[in-house]
Amino acid sequence: MDTLLFTKDQYYFAGLLTLCVLSVASYAYAGNVFLFNFDKEYSLPSLYHYLLLSICCFGFYQLMQLERAYDVWFYAFAYLLVDDMTTLHETAGWLLGKHVIPGPLWFFSARSLGEISYLAVVGGLLGVLLIKRFFGANAEVRKQFIIFACLIVLFALFGVLVDSIHEQTCSPRGLLCLLVGILEDGGEILVTIFIIHQIRQLLISETENASQQSPQGL
């Protein structure tokens with residue numbers, strides 16, 4: 001599986017580190033430069049994350065050809081990719097925060113609570129299928145489900161909790177806002193890299209198992 005998509009993790013980590021350095025350097029010399037701004041959609045950091053999410057989708061699609069249970073993860077990451085590219089949950093959170101949520105709670109703004117509510121509904125729908133697939137799978141697949149679920153929870157902590165802190169640090173915008181923004185989106189990218197690593201290990205394992213079993217089948 002040493003392809004251009006599923007290669008050694010250090011290349012992905014190097015890409016994330018380079019983007020972080022460029023973001024801070026560009027801010028220091030020129031202010032909030034769109035191209036290197038982690039907060040902006042379709043900036044280089046965002047495009048990098050879209051690429052990594054696309055790789056996850058491709059990997060889970062390959063896995064679901066070998067084991068149907070992984071289709072729920074393909075659907076989940078396809079949704080994450082579309083959501084990230086269209087700012088779907090941010091828009092839904094803003095609408096719910098404006099028209100439904102009564103007000104802020106603790107350090108969560110009304111918008112953040114709206115995002116949490118929206119994602120809870122989406123997550124609940126995917127969760128029903130995930131539970132069905134989990135209990136219909138064998139022990140090894142269940143183990144992988146638990147690993148991916150833990151990584152998704154970590155992803156959500158950056159996307160919701162750190163995002164709420166980020167919102168509080170951006171009035172007015174400054175260096176702290178920039179750094180927390182890098183922590184939020186960079187953290188999501190980092191977790192996505194871990195997920196790609198796990199997918200690669202699974203694909204390698206499945207390929208090796210298939211090669212070992214093929215002579216027996218003959």
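His49 lies in helix α2 (residues 44–66), where a helix is a DSSP run of type H or I with at least four residues, numbered from the N terminus. The model is predicted, so local features need pLDDT of at least 70 and side-chain atom pairs count only at pLDDT 80 or more, while totals for chains, interfaces and linings use all residues. Residues are numbered from 1 along each chain as its sequence is written, and side-chain values use heavy atoms, with hydrogens and water left out.

With a relative accessible area of 4%, His49 is buried; the term means under 20% (1.4 Å probe, protein chains only). Leaving out residues up to four places away in sequence, His49 touches Asp84, Phe155, Glu188, Ile189 and Thr192, contact being heavy atoms within 4.5 Å.

The largest nonpolar core has 41 residues, and Phe60, Tyr70, Phe77 and Ile195 have the most contacts inside it. Such a core is a set of buried Ala, Val, Leu, Ile, Met, Phe, Trp, Tyr and Cys residues joined through side-chain atoms within 4.5 Å. Its largest share, 11 residues, comes from α7.

Two packed helices are described by the angle between their axes and the distance between the axes. For α3 and helix α5 (residues 110–136), the angle is about 160° and the axes are 9 Å apart; axes are lines fitted to C-alpha atoms over the stretch in contact, and angles run from 0 to 180 degrees between N-to-C directions. The two helices are therefore roughly antiparallel, the word for angles over 145 degrees.

Technical notes
Buried means under 20% relative accessible area, exposed over 50%, partly exposed in between (1.4 Å probe, protein chains only). Angles under 35 degrees count as roughly parallel, over 145 as roughly antiparallel, 65 to 115 as roughly perpendicular and the rest as oblique.
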